[in-house]
Every structure is written in C-alpha cells, then in structure tokens.
Amino acid sequence: MTGNTVKIFDTTLRDGEQSPGCSMNLEEKLRLAAQLEALGVDVIEAGFAIASEGDFEAVTEVARQCQKATVASLSRAALGDIDRAWAAVKGAKFPRIHTFIATSPLHMAVKLRMEPEDVLEAIRASVSHARNLCADVEWSAEDATRSDMDFLARAVEIAINAGATTINLPDTVGYATPETYARMFREIIERVPNSDKAIFSTHCHNDLGLAVANSIAGIQGGARQVECTINGIGERAGNAALEEIVMALRTRHDVLPYSTNIVTQEITRASRMVSAITGFTVQPNKAVVGANAFAHESGIHQDGVLKNKETYEIMTPESVGLTTNNLVMGKHSGRAAFREKLEQLGYRLSDNEFQDAFKRFKALADAKKHVYDEDIVTLVDDETLRAHDRIQLAEVEIYCGSNGQRAIVSLRIDGEEHTAVSKGNGPVDALFAAIRKLVPHEEATLQLYQVHAVTQGTDAQAEVTVRLDENGRTTQGQGADADTLVASARAYVNALNKLMVKRTKQAVDPSEGLRHRA
C-alpha cells in the first residue's frame with residue numbers, strides 16, 4: 001500500500017445497524033459482507049461481539065466467510081469485551097480487534113466517571129491485552145474532536161506504545177468542521193513521537209452535514225483510513241457515505257491525489273442491497289446513488305448532455321455500476337435471457353434462488369407490459385433477502401365493496417402455514433389486522449406506511465415501506481409487488497421479522513463506555 005492509498009473501513013454492519021429502525025439477521029449480514037468484499041473494502045467492521053449472542057454469531061460467521069477483507073469487532077476498553085471480540089474474529093483470515101474509550105472532558109466526567117489518569121491506564125491495559133491476542137489492533141478516542149489536544153496526544157502515544165496499529169480519531173457527535181478536523185490530524189501526527197508506527201483513521205458523523213467533507217479533510221491532514229457506511233446510514237444523522245468519499249477521490253484526483261481499492265462499478269449494487277435489507281430508501285437527490293443523480297430534466301441541461309455528457313455529468317453512470325434502462329425483458333423472455341440480465345445487474349444467485357426469482361419474474365411479466373431493470377432489481381432483492389425470514393407471506397386475498405373490506409392472509413411461521421380473516425377500515429387496515437391475528441404484537445404501533453412506484457406507468461410495481469415501533473424498538477420493512485396490497489403485506493411482514501431480531505438483542509450500547517473493567 002502506497003503512501004497515498006486510503007484504506008476503506010466499512011462499518012455498515014456495526015454503526016450502520018445502529019440506525020433507528022435498522023436491524024439485520026444473520027443471512028442478510030452474510031450477504032452484505034459478501035457484497036462488501038466484491039466492492040473491495042479493506043476492513044469490514046462486522047459488529048459489537050459482546051452486545052448479544054446474535055451479534056457474536058454474526059461477527060463469527062462473517063469472519064469465517066471473508067477471504068480478502070480484514071474483519072473487525074468493536075469492543076469497549078474492558079478485558080471481557082476484548083476477549084469476546086477476539087473469540088468472534090479469531091477465525092478470520094485477517095482479524096482485527098477495535099477497542100475504544102472516550103477522551104473528551106465531558107465524556108470522561110459524565111459518562112465514564114473516571115479521572116484522566118485512570119483513562120490513560122485503561123488505554124494502556126486494554127490495548128496491551130488486545131495486542132497479546134491479535135496482531136492487528138485499532139484504538140479509537142471516542143469524542144476526539146472535543147478532547148483536549150495535550151491529553152489526546154498523550155493517549156495516542158500510549159495506545160501506539162501498547163501495540164495499536166491503527167489510531168482512529170472520530171468526530172463522534174458530528175461537531176467538527178473540515179478545517180479543524182484536518183488540523184487535529186496534522187497536530188497529533190506531528191506531536192506524537194511514535195505516530196509513524198500507526199495508520200491514522202477518520203470516523204465522521206453527519207449531524208451538521210459535514211461527514212464526507214470532514215473525512216476528506218482528515219485524509220488531507222494525514223489519515224490513511226476512512227471509516228464509513230453504504231448510503232451513509234448510521235446513528236442520528238448517519239455516517240460519512242462510502243460512495244461519496246470514494247467517488248470524490250476518484251473524480252477530483254487532480255486536487256485529491258489519493259486512491260482506494262474500491263471497485264466502483266459495485267457501488268450501485270451495494271447501495272441497493274443495503275436499502276433492500278434495511279428498508280431505508282435512498283432519497284432521489286442523494287449524491288452518486290440517488291435515482292436523480294444522473295437524471296436531467298432542465299431543457300438547458302438536456303441539450304448540453306445530448307451534445308456532450310461532460311457538460312453536466314462529472315462521472316459516468318457506468319462508473320458506479322448503473323446500467324442503462326433498456327426495455328429488453330418481457331413475458332416471452334426465457335431463463336437464459338433472465339440469467340444474463342441478472343449477471344449484467346451484478347447478481348450471483350444459487351440455483352434455487354434463480355428458480356424462485358424466475359418464477360416471480362414471469363408472474364410480474366404477465367402483470368405488466370414492460371419489465372425494467374429497476375423492476376428486476378426490486379423483485380430479486382425482495383425475494384432473496386427474505387428467503388430465511390421466520391415469517392413469510394404465503395397468500396393474500398382482499399375483498400372490497402359496499403359491505404366493507406375483508407382480508408384473508410396466510411403466513412408461513414417457522415415453516416407452518418396459518419391463516420386469518422379480518423375486517424378493517426379499508427383494505428390496508430384489514431390486511432394488517434389479519435397479520436396481527438397471526439403474529440400478536442399488541443404493543444407495536446404503525447408509525448409509517450408509504451407507497452411509491454418502482455418505475456413509470458400505471459402498471460408499475462409498487463414498493464411499500466412500513467415502520468413499526470415497540471417500546472422504543474423501531475424497525476422498518478420494505479416489500480414490492482405488482483399488487484400494492486401484496487407489497488404492503490410483504491413490507492409489514494418484513495418489519496415484523498426485523499422486530500423479532502431486535503427483541504433478541506440485549507441493550508448493550510457500545511457508546512456507554514466502561515461499565516465494567518474485569
């Protein structure tokens with residue numbers, strides 16, 4: 001790795017999953033980890049191993065699966081946390097322990113309730129313990145951007161002396177500006193005598209909308225690793241978006257002479273997968289991966305693009321893996337054509353997954369005249385990402401008329417089919433009431449029900465988003481179908497599955513710092 005190569009540390013599976021409403025099951029995490037490797041990320045932070053048995057299992061399985069990327073687990077500065085992290089990642093080809101403790105006066109006094117000297121001793125003990133287990137240790141100074149620079153420099157020096165090979169100086173609360181963030185890196189690297197023995201890393205939150213700008217500034221200040229997430233998902237306002245950082249470095253190489261190992265043609269595929277798994281739709285005007293990122297409506301813009309795309313496009317759709325929307329698929333298309341289309345769209349399906357997807361494709365082609373690439377992406381994601389859910393939609397029947405609305409719903413729950421009938425104030429209300437009969441969840445409330453068309457036309461597939469809240473646990477589900485009510489049922493069932501996953505997670509928050517130091 002050259003001095004101007006920047007490592008991409010993806011924390012979608014850990015920090016991204018902490019987004020309110022986001023929860024991934026094991027199969028979804030493994031599928032996403034495989035896509036992250038195809039994307040070319042250098043480090044995958046697979047989770048917070050001590051948080052729950054589910055998190056530990058997910059980190060362990062991701063570590064076993066990955067063959068190219070380093071796999072990391074987060075841990076607090078407690079020996080028990082570090083041992084659990086190592087147990088989860090030790091099966092990886094390239095394992096990493098990522099331990100942290102807060103260094104700002106506010107966090108030390110209010111959250112940790114520790115004296116500064118005790119924090120320094122915790123850094124020495126925790127990093128030393130981690131290094132005795134694993135050759136690759138990352139240490140993070142939580143709330144670094146609000147820390148005293150003298151104290152931060154001492155902490156970094158101690159961490160490197162104890163064996164840390166990567167030093168992360170995160171903007172935990174999204175407080176920094178590009179100028180101050182770059183200056184912090186320059187000053188710490190200059191002041192700490194052993195700084196040349198470690199790679200410095202950024203980790204920026206987007207509370208002021210500056211996460212990407214701050215990350216790039218950190219690189220200019222000397223950082224050679226960037227921590228980020230697909231689509232910028234994460235706690236509160238999210239994290240720095242991987243796709244924006246990578247494409248900024250690639251597009252403006254004239255003023256940002258840095259490179260990454262990212263295969264940019266896999267960006268759109270990764271973005272769509274994260275959206276499908278989490279239920280978080282990408283806003284149309286989102287940079288790089290939004291639906292309007294390469295759309296031109298203004299007459300002046302259209303005229304310029306027709307003459308030369310470079311007039312209004314600083315990067316090509318193909319460079320991020322966006323294919324041209326050709327109407328080449330229909331009800332007469334066979335398996336060979338469908339398989340070729342899937343390969344063009346970047347899908348790698350097993351034989352069973354392919355057969356299931358083809359069956360749904362033929363049903364969709366019978367229901368609508370033109371099948372667009374977006375239709376196929378939505379169809380395949382909706383099918384393959386739900387294959388291992390405990391609750392699966394089997395059949396939906398809706399009756400509407402002057403005598404009211406009635407829904408008949410059949411669900412497969414842990415492999416057994418169950419059916420319920422319910423009335424409601426409208427077809428959607430009747431539908432959701434029937435699902436509630438089959439899977440009781442009285443304390444969960446419906447916070448959001450949203451429908452949008454995947455493509456144009458009156459026969460467009462509907463994509464529905466549903467958000468449920470149960471005692472502070474928020475989950476978001478998505479479903480797609482040519483029938484809006486079937487899509488609604490799929491979305492609701494998807495949200496329920498995610499709620500079941502969240503119920504199994506213990507309330508261990510990695511931001512809580514040291515609750516024990518055993």
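This is a predicted model: local features need pLDDT of at least 70, side-chain atom pairs count only at pLDDT 80 or more; totals for chains, interfaces and linings use all residues.

Colleague: How many bridges join β1 to strand β2, and in which direction do the strands run, parallel or antiparallel?

Modeller: In general, the strands of a sheet pair through backbone hydrogen bonds, and the pairing is either parallel or antiparallel. Here, β1 and β2 (residues 43–47) are joined by two bridges and run parallel. Strand β1 (residues 7–10) is also joined to strand β8 (residues 225–228), by four bridges, and this pair runs parallel. Within β8, Val226 is the bridge partner of Ile8.

Colleague: What is the order of the open sheet of three strands?

Modeller: The order is β12-β13-β14, and the pairing is antiparallel. β12 (444–453) and β14 (473–481) are the edge strands, each pairing on one side only. From one strand to the next, the twist averages 15°. Nine bridges connect β12 with β13 (residues 462–470), and Leu448 stands opposite Arg467 of β13.

Colleague: Which helix lies across β12 and β13?

Modeller: That helix is α15, which runs at about 130° to β12. Helix α15 (residues 427–438) also meets helix α16 (residues 484–503): their axes come within 10 Å and cross at roughly 35°. The crossing is right-handed.

Colleague: Which residues make the contact of α15 with α16?

Modeller: From α15 come Pro427, Val428, Leu431, Phe432, Ile435 and Arg436. From α16 come Leu485, Ser488, Ala489, Tyr492, Val493 and Leu496. By type, these residues divide into 10 nonpolar, one polar and one charged.

Colleague: Which residues touch the most other members in the largest nonpolar core?

Modeller: In soluble globular proteins, nonpolar side chains tend to be buried together. The largest nonpolar core in this model has 95 residues, and those touching the most other members are Leu39, Ile123, Trp139, Val156, Ile167, Leu169 and Ile188. Helix α6 (residues 149–162) gives the largest share of this core, nine residues.

Colleague: What does Ile167 touch, not counting residues up to four places away in sequence?

Modeller: With those residues left out, Ile167 touches Trp139, Val156, Ala159, Ile160, Ala198, Ile199, Phe200 and Ser201.

Notes: Residues are numbered from 1 along each chain as its sequence is written. Side-chain values use heavy atoms; hydrogens and water are left out. Axes are lines fitted to C-alpha atoms, for helices over the stretch in contact, and angles run from 0 to 180 degrees between N-to-C directions. A crossing is left-handed if the near helix is turned anticlockwise from the far one by less than a right angle, and right-handed if clockwise. Contact means heavy atoms within 4.5 Å. Ala, Val, Leu, Ile, Met, Phe, Trp, Tyr, Cys and Pro count as nonpolar, Asp, Glu, Lys and Arg as charged, and the others, Gly among them, as polar. Two strands pair if DSSP finds at least two bridges between them. A nonpolar core is a set of buried Ala, Val, Leu, Ile, Met, Phe, Trp, Tyr and Cys residues joined through side-chain atoms within 4.5 Å. Buried means under 20% relative accessible area, exposed over 50%, partly exposed in between (1.4 Å probe, protein chains only).
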